[in-house]
Amino acid sequence: MSDIPTLLILNGPNLNRLGKREPGIYGALTLDELERQCELWAGELNLSATCRQSNYEGQLLEWVQDAEEQGFIGIVLNPGALTHYSYALRDAVAGQNLPVVEVHLSNVDAREPFRHQSVTAAVCKGKISGLGFAGYRFAMEYLAEEWV
Ligand code: DQA
């Protein structure tokens with residue numbers, strides 16, 4: 001890990017399909033473009049960003065569990081559909097000390113009823129939804145301020 005304070009940017013199931021997946025909802029840009037953008041934003045905030053994506057719940061849990069020990073200062077978390085039902089991910093967030101901001105590209109509250117529930121948001125510092133890539137930027141700004 002670099003000497004620069006580093007944020008962990010986690011994207012969950014299906015977010016590897018950004019750009020191809022329902023572009024009317026999630027936009028035409030890819031996960032790679034999102035991650036490069038997050039790295040640029042981190043630099044502007046005098047931070048660095050490590051970006052990871054997994055389709056596997058257990059992998060996300062382990063990244064959350066290990067983040068503090070690995071030296072990260074905060075987590076931006078888009079859990080994808082796990083948001084709506086993963087008590088295991090909720091417990092992983094609750095069971096560690098780093099500040100976590102939940103982010104959704106789409107406005108989950110304006111979509112199907114099952115997306116209105118987040119089991120993870122209550123154990124996060126807050127939730128940003130519906131602002132596309134900018135939501136990640138705002139989450140990173142918050143975590144940068146929180147860390148100082
Ligand atoms: C999402 C919203 C979730 O409901 C959905 O399952 C996703 C993406 C978003 O970023 O808008 O996979 O987290």
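**Loop residues, then helices**

Glu-22 sits in the loop between β1 and α1. Keep in mind that this is a predicted model. Most residues other than glycine have a negative phi. Glu-22 is not a glycine, yet its phi is positive, at about 35°. Is Glu-22 buried, exposed or partly exposed? Its relative accessibility is 42%, so Glu-22 counts as partly exposed.

With a relative accessible area of 39%, Asn-14 is partly exposed.

Next, helix α3, which runs over residues 57-66. Which residues of α3 are buried? They are Leu-60, Leu-61, Trp-63 and Val-64. Looking down the axis of α3, these buried residues fall within an arc of 165°, so they line one face of the helix.

Now the helix pair. Two packed helices are described by the angle between their axes and the distance between the axes. For helix α2, residues 31-44, and helix α5, residues 134-147, the axes come within 10 Å and cross at roughly 30°. Angles under 35 degrees count as roughly parallel, and so α2 is roughly parallel to α5. The crossing of α2 past α5 is right-handed.

Which residues make this contact? From α2 there are Leu-34, Cys-38, Trp-41, Ala-42 and Glu-44, and they meet Ala-134, Tyr-136, Arg-137 and Met-140 of α5. By class, the contact of α2 with α5 has seven nonpolar residues, two charged and no polar ones.

At 42% relative accessibility, Gly-43 counts as partly exposed. How far apart are Gly-43 and Ile-4, in sequence and in space? The two are 39 residues apart in sequence, and their C-alpha atoms are 9.6 Å apart.

That is all I have.

Note on methods:
Residues numbered from 1 in each chain as written. Predicted model: local features only at pLDDT ≥ 70, side-chain atom pairs only at ≥ 80, totals over all residues. Heavy atoms only, no water. Buried < 20%, exposed > 50% of the residue type's maximum accessible area, 1.4 Å probe, protein only. Helix = DSSP H or I, 4+ residues; strand = E, 2+ residues; numbered from the N terminus. Arc of directions from axis to C-beta. Axes fitted to C-alpha atoms, helices over the stretch in contact; angles between N-to-C directions. Parallel < 35°, antiparallel > 145°, perpendicular 65-115°, else oblique. Left-handed = near helix turned anticlockwise from the far one by under 90°. Contact = heavy atoms within 4.5 Å. Nonpolar A, V, L, I, M, F, W, Y, C, P; charged D, E, K, R; others polar.
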